[in-house]
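Please look at the model below with its nonpolar and aromatic side chains in mind. The report that follows takes up the cores and then the rings.

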Amino acid sequence: FIFAGKAHPADQTGRSLIQQICGESRNPEFQNRLVFVEDYDMELARYLVSGVDVWLNTPRRLQEASGTSGMKAAANGVLNLSVPDGWWFEAGSGNNGWTIGDASLKDNRQEEDRADSGELYRLLEEEVVPLFYQQNRSGVPEEWVAMMKRSIRSIVPVFNARRMLKEYCERMYLPAAAGLSDGEGEEGITGHDSPPDSGGGS
């Protein structure tokens, strides 16, 4: 397993998890099996997405961020293994990657964590790992490669910067501009009676 990422300075739980992973990576029992790569940035992500087979994404329900790392991985033929939250709730089709559990919210986080953990290990043991090692005489995992192609075809045309800009314009920028042109909403948007001076910039 290769771990990489950063936690927000105020996210004490995330920071503690990273410390725990770093500590376990030094355990002789996990030598050459678990690695945490420090200083995650776009350059490091470029190498990761070109060299991994599965992109594991396990945020708690309703706490997924933008999901762009999973989209970027898919564009490079990496298969997603993710909870059905955020972008994967829309993107996961059942034949272009794997979904951990369902979208239902449990009564508490502990119950949700137990359910996700059990389903994650089931998927790894019964579906992900067997499919990866199901190879033809030339050593090529044909079904795995077919799923990679389905992932690229189904995700790349839909989850991209063009769609992002289009939806931001249609759903946010244009309605906001229309409200300003009608003389409404200025105080709510800026917190002032009139828009603050922009300093002359465009």
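## Cores and rings

In this predicted model, Leu120 touches Leu56, Leu81 and Ile100, when residues up to four places away in sequence are left out of the count. Leu120, Leu81 and Ile100 also belong to the largest nonpolar core, which has twelve residues in all and includes Trp98 and Trp144 as well. Two or more residues of this core come from each of strand E4 (79-82), helix H5 (109-132) and helix H6 (142-155), and the largest share, five residues, is given by H5. A second, separate core has seven residues, among them Ala74, Trp88, Ala91 and Phe159. In soluble globular proteins, nonpolar side chains tend to be buried together.

| Pair | Distance between ring centres | Angle between planes | Arrangement |
|---|---|---|---|
| Phe132 and Tyr133 | 5.1 Å | 85° | edge-to-face |
| Tyr168 and Tyr173 | 5.7 Å | 15° | stacked |

Planes over 60 degrees apart count as edge-to-face, so the 85° between Phe132 and Tyr133 places this pair in that class. Planes under 30 degrees apart count as stacked, and the 15° between Tyr168 and Tyr173 therefore makes them a stacked pair.

Is Tyr133 buried or exposed? With a relative accessible area of 59%, Tyr133 is exposed, while Phe132, at 24%, is partly exposed, and Tyr168, at 38% relative accessibility, is also partly exposed.

Notes. Residues numbered from 1 in each chain as written. Predicted model: local features only at pLDDT ≥ 70, side-chain atom pairs only at ≥ 80, totals over all residues. Heavy atoms only, no water. Phe/Tyr/Trp six-rings, centres within 6.5 Å; stacked < 30°, edge-to-face > 60°. Buried < 20%, exposed > 50% of the residue type's maximum accessible area, 1.4 Å probe, protein only. Core = buried A, V, L, I, M, F, W, Y, C linked by side-chain atoms within 4.5 Å. Helix = DSSP H or I, 4+ residues; strand = E, 2+ residues; numbered from the N terminus. Contact = heavy atoms within 4.5 Å.
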